[in-house]
Amino acid sequence: MLSTTLSPSSQLPSRLALITGAARGLGRGIAETLADQGFQIAIADITAEKDASEAIHALRAKEKFAGYHQIDVSDEPAVRRLFADLDADGRVIDVLVNNAGTSRPQTIRDTTLNDWNDLLRINLTSAFLCSKEAFARMEQRRGGCIVNISSVAAERGALLGHAHYSASKAGLLGLTRTLARTGAPVGIRVNAVAPGIIDTELLRTVHSAEEISNIATSVPLGIGNPRDVGLAVAFLCGEGGRYITGAVLDVNGGAHIH
């Protein structure tokens with residue numbers, strides 16, 4: 001009689017997560033948190049690899065580093081090459097986290113058309129391009145998970161008038177829901193996480209210390225940190241999220257409370 005013994009979770013093959021914009025800040029926090037949950041992590045970021053040494057070192061220390069790819073994920077040929085290279089290496093992406101993005105301290109009055117197009121290219125087009133490539137591969141094997149990193153600004157508008165940022169993050173929610181409908185019959189789950197005010201380099205670049213302090217006082221739980229977002233992503237990608245798709249998980253410290 002053939003008997004089967006289940007391996008301990010620590011011996012199960014690690015799943016591979018590709019995270020865009022994970023050289024620093026929010027993306028790095030997501031990467032390290034998913035690594036703690038057992039995922040192997042591949043990073044795709046426009047930053048030069050030498051400038052991402054801290055993120056790479058942290059993942060190597062956890063024995064979860066699966067490669068660094070310097071790439072502009074809003075460039076279609078580059079994205080196609082990235083996924084073709086992963087295919088050639090026999091790497092199967094189980095999870096895609098579309099985190100790459102930026103913001104700029106511009107109101108509608110001083111936002112040019114070039115500013116608008118450029119920010120939507122970075123924040124929204126990149127997610128479309130990476131999702132398209134990942135989706136095709138996940139569809140073939142009938143399974144996978146995509147998480148788009150949106151923002152509280154998608155749902156309530158940017159606090160300081162960054163219309164292009166808010167619009168790009170709202171666009172991610174439409175992309176999420178549509179891909180969720182498309183992917184459900186073939187086992188692909190697609191969700192979004194909408195962070196509130198998170199302590200990152202980008203936050204301190206876009207907002208002054210006074211602005212950050214004023215914003216923080218309006219949030220019941222104050223300013224969050226990248227790990228808070230990482231834990232939400234890990235939940236959606238893990239067993240707890242197996243029956244969740246097309247959802248937006250708000251991680252904003254109570255910013256929606258009126």
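**Exercise 1. Determine what share of the contacts in the protein chain with a separation of 6 or more comes from residues 24 or more positions apart, and describe the chain as a whole.**

Step 1. Residues 24 or more positions apart account for 75% of the contacts in the protein chain with a separation of 6 or more, where contact means heavy atoms within 4.5 Å. The model is a predicted one, in which local features need pLDDT of at least 70 and side-chain atom pairs count only at pLDDT 80 or more, while totals for chains, interfaces and linings use all residues. Residues are numbered from 1 along each chain as its sequence is written, and side-chain values use heavy atoms, with hydrogens and water left out.

Step 2. The protein chain holds nine helices and seven strands; helices (H or I, at least four residues) and strands (E, at least two) are DSSP runs, numbered from the N terminus. Its radius of gyration is 18 Å, close to the 18 Å that the globule rule gives for 258 residues, so the chain is as compact as a globular protein of that length. The radius is taken over C-alpha atoms, and the globule rule is 2.2 Å times the number of residues to the power 0.38.

Step 3. The C-alpha trace spans about 70 × 40 × 40 Å along its principal axes. Of the 258 residues in the protein chain, 49% are buried, where buried means under 20% relative accessible area, exposed over 50%, and partly exposed in between (1.4 Å probe, protein chains only).

**Exercise 2. Work out how helix α1 and helix α2 pack, and which residues make the contact.**

Step 1. Helix α1 covers residues 25-36 and helix α2 covers residues 53-61; they pack at an angle of about 5 degrees, and their axes are 10 Å apart. Axes here are lines fitted to C-alpha atoms, for helices over the stretch in contact, and angles run from 0 to 180 degrees between N-to-C directions.

Step 2. That angle makes α1 roughly parallel to α2, since angles under 35 degrees count as roughly parallel, over 145 as roughly antiparallel, 65 to 115 as roughly perpendicular and the rest as oblique.

Step 3. On the α1 side the contact is made by R28, A31, E32 and A35, and on the α2 side by E54, A55, A58 and L59. These residues divide into five nonpolar, no polar and three charged. In this scheme Ala, Val, Leu, Ile, Met, Phe, Trp, Tyr, Cys and Pro count as nonpolar, Asp, Glu, Lys and Arg as charged, and the others, Gly among them, as polar.

**Exercise 3. Locate E139 and S213 and find how exposed E139 and S213 are.**

Step 1. E139 lies in helix α4, residues 113-141, and is partly exposed, with a relative accessible area of 40%. Leaving aside neighbours within four places in sequence, E139 is in contact with V186 and I188.

Step 2. S213 lies in helix α8, residues 209-217, and at 41% relative accessibility counts as partly exposed. From C-alpha to C-alpha, S213 and A234 are 29 Å apart in space, and they are 21 residues apart in sequence.
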